[in-house]
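Biologist: I am new to this structure and would like to learn how to read it. Could you take me through some features, step by step?

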Amino acid sequence: MLHGLRNGTKLASLVFGGSCFLCRGAAREILCEDCERELPRLAPPRCPRCALASPAGAVCGRCLAEGPRYDATVAALAYEFPADALVHALKFRGELALAPLLAQLLLRALGRSAPVDLVVPVPLSARRLRERGYNQALELARPLAAALGAPLDFAVCERVREAPPQSDLPWAERARNVRGAFRCTRALPGASVAVVDDVMTTGATLDELAGALKAAGAAHVANWVVARTLPPD
Ligand SMILES: [Zn+2]
Ligand SMILES: [Zn+2]
């Protein structure tokens, strides 16, 4: 099934029949021009490490205090309506044709970022992958890697443990919930790795994966996420 989904544009016109995924108005792409323009993009200045707002684009106080194991984060959108609806549809409703669009938005947010040695989607456990039938992070990583000419490697890390979904847990418990969740399958000496995911909330999952990549020898880990959850005020 996944093979037939590589060409997102073709599939999109097939599935959406020329109407915007969000407003159902006439559209040439998955979203009409108005809906695409109004997506909640993240405006600078942001902390280069976690992508939350930060004056003058300095590393934020939380990153200085907590020292996450990832080195950088780029996010395209704020995880609020309608970006949350798009991500949700990709993740839980099998709307895989949204992946190329979301990857394109992320690509634009990346700008001319430094080249990476490896693009790694956040892995699902084997059981979750069976249930869902696809890994939304891989669907995002594939067009990104292709556009950047960077090697995609979805087997370099495994999710060895899938505890309750992070979304069911209070923020404070999320770090403990993912501890030891990932394992790298080979050494990555000095590698610069881009980790792709749909949403970054507390960053606990990405921190844990960055820890596993660094333990395998990676020198630099950047998170590339479609949407960033903004903390409650
Ligand atoms: Zn629209
Ligand atoms: Zn930060």
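This is a predicted model: local features need pLDDT of at least 70, side-chain atom pairs count only at pLDDT 80 or more; totals for chains, interfaces and linings use all residues.

Biologist: Which residues coordinate the zinc ion (ligand 1)?

Modeller: Cys20, Cys23, Cys32 and Cys35 do, each through SG, at 2.3 Å. Along the chain, these donors follow the spacing C-x2-C-x8-C-x2-C. Both Cys32 and Cys35 are buried.

Biologist: How do I read the geometry of such a site?

Modeller: Start from the ideal: four tetrahedral donors would have angles of 109.5 degrees. Here the angles among the four donor atoms run from 106 to 116°, and the site is tetrahedral.

Biologist: Now the sheet: what is the order of its strands?

Modeller: The order is 1-6-5-2, in an open sheet of four strands with parallel pairing. Strand 1 (72–78) and strand 2 are at the edges with a single partner strand each, so one side of each has no neighbour in the sheet. From one strand to the next, the twist averages 20°.

Biologist: How many bridges join strand 5 and strand 6?

Modeller: Eight bridges, in the parallel sense, link strand 5 (residues 192–200) with strand 6 (residues 220–228). Among the residues involved, Val196 has Trp224 of strand 6 as its bridge partner. Helix 7 (residues 136–148) packs on the sheet, where it touches strand 2, strand 5 and strand 6.

Biologist: Is Val116 buried or exposed?

Modeller: Val116 has a relative accessible area of 15%, which is under the 20% cut-off, so it counts as buried. Val116 sits in the loop between helix 5 (98–110) and strand 2 (118–121). Beyond its sequence neighbours within four places, its contacts include Ala150, Pro151 and Trp224.

Terms used. Residues are numbered from 1 along each chain as its sequence is written. Chains are lettered from A and ligands numbered from 1 in the order in which they are written. Side-chain values use heavy atoms; hydrogens and water are left out. Helices (H or I, at least four residues) and strands (E, at least two) are DSSP runs, numbered from the N terminus. Buried means under 20% relative accessible area, exposed over 50%, partly exposed in between (1.4 Å probe, protein chains only). Contact means heavy atoms within 4.5 Å. Donors are N, O and S atoms within 2.8 Å of the metal (3.2 Å for Na, K and Ca); water is not among the atoms, so sites may look incomplete. Four donors count as tetrahedral if all angles lie between 85 and 135 degrees; four count as square planar and six as octahedral if opposite donors are over 155 degrees apart and all others between 65 and 115; anything else is irregular. Two strands pair if DSSP finds at least two bridges between them. Axes are lines fitted to C-alpha atoms, for helices over the stretch in contact, and angles run from 0 to 180 degrees between N-to-C directions.
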